[in-house]
Amino acid sequence: MKTLLNPSAGAPALTDLALLVARVALGVILVAHGWQKFDEWTVAGTAASFEGMGVPAASVSAAVVTGAELIGGVLLIVGLFTPIAAAVNAVSMVVALFLVHAPAGLFVAEGGYELVLAIFAGLVILVAAGAGRFSVDRLIAPAPRRRAKVRS
């Protein structure tokens, strides 16, 4: 039962693999949304859209969000400065949830917050857990070695 309820307890590589999958999936989503704001809508167009949604300092917010998604997404994919990139984008998701999506309800098809909330949840996990073994972060700052427990 212990293995069923905590599968990675006996195989820490499963946690590292799960963090890799989460980082890459969230990173791809963030890059796609950032690139859309940068290339398709343009930062100026995004700012105009933000202004229409009541986002404060729309021009600055559009530039910051576009950069956070593009740069932060790439950082998540490679696993570099993961907790920082995840935290910046998590804050962006909370702001988007409350300023834009919450009034529309849950479902994304109606402009709701389900996607923003799911991205936020994944980012919070990365803030708390870090990038895992399969990342540039781990190359820069290797995890401390665990000492074997001595049983008496």
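I start with a term: a crossing is called left-handed if the near helix is turned anticlockwise from the far one by less than a right angle, and right-handed if clockwise. By that definition, α4 passes α5 in a left-handed crossing. What you are looking at is a predicted model.

Now the geometry of that pair. Helix α4 covers residues 58-78 and helix α5 covers residues 82-101. Their axes come within 9 Å of each other, and the crossing angle is roughly 145°. On the α4 side the contact is made by Val65, Ala68, Glu69, Gly72, Leu75 and Leu76. On the α5 side the residues are Thr82, Ala85, Ala86, Val88, Asn89, Ser92 and Met93. Sorted by class, this contact has 8 nonpolar, 4 polar and 1 charged residues.

Next, the cores. In soluble globular proteins, nonpolar side chains tend to be buried together. The largest nonpolar core here has 15 residues. Which of them touch the most other members? They are Leu26, Leu30, Leu76, Met93, Ile119, Leu123 and Leu126. At least two residues of this core come from each of α2 (12-40), α4, α5 and α6 (114-129). The largest share, 5 residues, is supplied by α5.

Take leucine 126 from that list. Leaving aside neighbours within four places in sequence, leucine 126 is in contact with Leu19, Ala22, Arg23, Leu26, Leu76, Thr82, Pro83 and Ala86. There is also a second, separate core of 6 residues, including Phe50, Val55, Ala62 and Val65.

One more residue in α4: isoleucine 77. Not counting residues up to four places away in sequence, isoleucine 77 touches Arg23, Val24, Gly27, Val28 and Val31.

Finally, the whole chain. The protein chain has 7 helices and 0 strands. Its C-alpha trace spans about 65 × 35 × 20 Å along the principal axes. Of the 152 residues, 30% count as buried. Among contacts with a separation of 6 or more, 65% are between residues 24 or more positions apart. The accessible surface comes to about 9500 Å², and 71% of that belongs to carbon and sulfur atoms.

Terms used. Residues numbered from 1 in each chain as written. Predicted model: local features only at pLDDT ≥ 70, side-chain atom pairs only at ≥ 80, totals over all residues. Heavy atoms only, no water. Axes fitted to C-alpha atoms, helices over the stretch in contact; angles between N-to-C directions. Helix = DSSP H or I, 4+ residues; strand = E, 2+ residues; numbered from the N terminus. Contact = heavy atoms within 4.5 Å. Nonpolar A, V, L, I, M, F, W, Y, C, P; charged D, E, K, R; others polar. Core = buried A, V, L, I, M, F, W, Y, C linked by side-chain atoms within 4.5 Å. Buried < 20%, exposed > 50% of the residue type's maximum accessible area, 1.4 Å probe, protein only. Areas by Shrake-Rupley, 256 points an atom, 1.4 Å probe, with all protein chains shown as cover.
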